[in-house]
Amino acid sequence: MRHLIDFGDLPREEWDELYRRASQIMDNPARFLDACRGKVACNLFYEPSTRTNFSFQTAMMRLGGTVFGFADPNSSSVAKGETLKDTIKMVSGYADVVVMRTPWEGSAKAASLYSHVPVINAGDGGHMHPTQTMADLTTITRLHGGVDGLSIGLCGDLKNGRTVHSLIKAMEKFKDVKFFLISPRELAVPEYMRSFMREHNIWFTEVTGLEAVIPQLDVLYMTRIQRERFVDPLEYERNKGIYILTRRKLERAKPDMLVMHPLPRVDEITVDVDDDPRAAYFQQARYGMFARMALLADLANQPRLEQTDVVEIGTKPVCSNPRCITQTEHYLPPLVKKNGGVDCCAFCDAQLK
Ligand code: NCD
């Protein structure tokens, strides 16, 4: 593995190795104090973030490395009109690894075409968030003993929730996982996610009610309605506050069901759930830091590419997803991939018309 763009690209053995390393770090952090000594990470955060940005920063610091970057794109050259390609060419000259979060879907993939060092996708619009999946899998494995055979409820904004998309992608690597996809119809998973589950024979059902399915679940993964992704504010108003997990609803859940949430929470989980032993979301955030340490220890130590491949220059976007990176960075090549036999944009996964 050279970059981490989409969890689906990570072979199962490499995930097992990362998990093993994350566990070693948790059990004996002193052994890893110098794992990134002298290495420098660049954090490019074009979108608000506290957890992920802090998690990557503290992960690098605990490995003896350092971090530079920005958390507000207005303080960078993007504000002057610089292309993503130029930004990446430049920062990958300074850093050993680039961590990026943006509102544009497919941006990490785009950056990886031009980078001299590994690129980590820390969230690209409503598309993917693979390092959150590393946090999620670490949590499930540590607290539940494994992932195979679990019934997982994903609840909330499954259309725009990138953490959900990455977690679904990961489950192709495990056996007999069942998904209960709980959302209003207008916030159901994108079609490319359904194709993915069908193609990989992942069992799933789509429902609108949480209470009816809660007794069947081993993991309940709550998500925030992603306000910033709504084009129509009325659509957000219609859906906000739609699922709220309370202590009373938890009474019908299995005694060892894990309640997870990538955070930040708005109102999806009432505060009184925090003291229930099943509430795993704060631990999940801490596990995320250890998982990111395992990833950085690997990627920041890879040899630098002095020469990047020559990439075809595009002329106009072939993808019609308004949030796709190809809509704004017109030089990107028109890359196509198959999802379930259908032609899709290789940057953002949207079906090509
Ligand atoms: C998530 C994200 O940014 O997608 N947060 C995170 O990384 N922990 C979830 C969210 O913002 O709702």
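This is a predicted model: local features need pLDDT of at least 70, side-chain atom pairs count only at pLDDT 80 or more; totals for chains, interfaces and linings use all residues.

Reader: Let us begin with the cores. Which residues have the most contacts inside the largest nonpolar core?

Author: As a general idea, nonpolar side chains in soluble globular proteins tend to be buried together. Here the largest nonpolar core has 61 residues, and those with the most contacts inside it are Trp15, Leu137, Leu154, Ile168, Met171 and Phe179. Helix H10 (residues 281-299) supplies the largest share of this core, ten residues. A second, separate core of 27 residues includes Leu44, Val119, Tyr331 and Cys345.

Reader: What is tryptophan 15 in contact with, leaving aside its neighbours within four places in sequence?

Author: Tryptophan 15 contacts Phe7, Leu10, Met134, Leu137, Thr138 and Phe174.

Reader: Turning to burial, how many residues of H6 are buried?

Author: Burial is read from relative accessible area, with under 20% as the cut-off. Nine of the nine residues of H6 are buried, so this helix is largely enclosed by the rest of the structure. The buried residues of H6 include Arg162, His165 and Lys169 as well as Val164, Leu167 and Ile168.

Reader: Is threonine 163 buried or exposed?

Author: Threonine 163, found in helix H6 (residues 162-170), has a relative accessible area of 9% and is therefore buried. Not counting residues up to four places away in sequence, threonine 163 touches His129, Gln132, Thr133, Tyr221, Thr223 and Pro262.

Reader: What covers the buried residues of H7?

Author: The buried residues of helix H7 (residues 191-199) are Tyr192, Met193, Arg194, Ser195, Phe196 and Met197. Their cover includes H6, strand S6 (178-182), strand S7 (203-207) and strand S10 (336-339). Just after H7, asparagine 201 adopts a positive phi of about 50°.

Reader: Finally, at roughly what angle do the axes of helix H3 and helix H4 cross?

Author: An α-helix has 3.6 residues a turn, so residues three or four places apart point the same way. The axes of H3 (residues 84-94) and H4 (residues 107-114) cross at roughly 55° and come within 9 Å. That angle makes H3 oblique to H4, and the crossing is right-handed. On H3 the contact is made by Leu84, Lys85, Ile88, Lys89 and Ser92, and on H4 by Ser107, Ala110, Ala111 and Tyr114.

Conventions. Residues are numbered from 1 along each chain as its sequence is written. Side-chain values use heavy atoms; hydrogens and water are left out. Axes are lines fitted to C-alpha atoms, for helices over the stretch in contact, and angles run from 0 to 180 degrees between N-to-C directions. Helices (H or I, at least four residues) and strands (E, at least two) are DSSP runs, numbered from the N terminus. Angles under 35 degrees count as roughly parallel, over 145 as roughly antiparallel, 65 to 115 as roughly perpendicular and the rest as oblique. A crossing is left-handed if the near helix is turned anticlockwise from the far one by less than a right angle, and right-handed if clockwise. Contact means heavy atoms within 4.5 Å. Buried means under 20% relative accessible area, exposed over 50%, partly exposed in between (1.4 Å probe, protein chains only). A nonpolar core is a set of buried Ala, Val, Leu, Ile, Met, Phe, Trp, Tyr and Cys residues joined through side-chain atoms within 4.5 Å.
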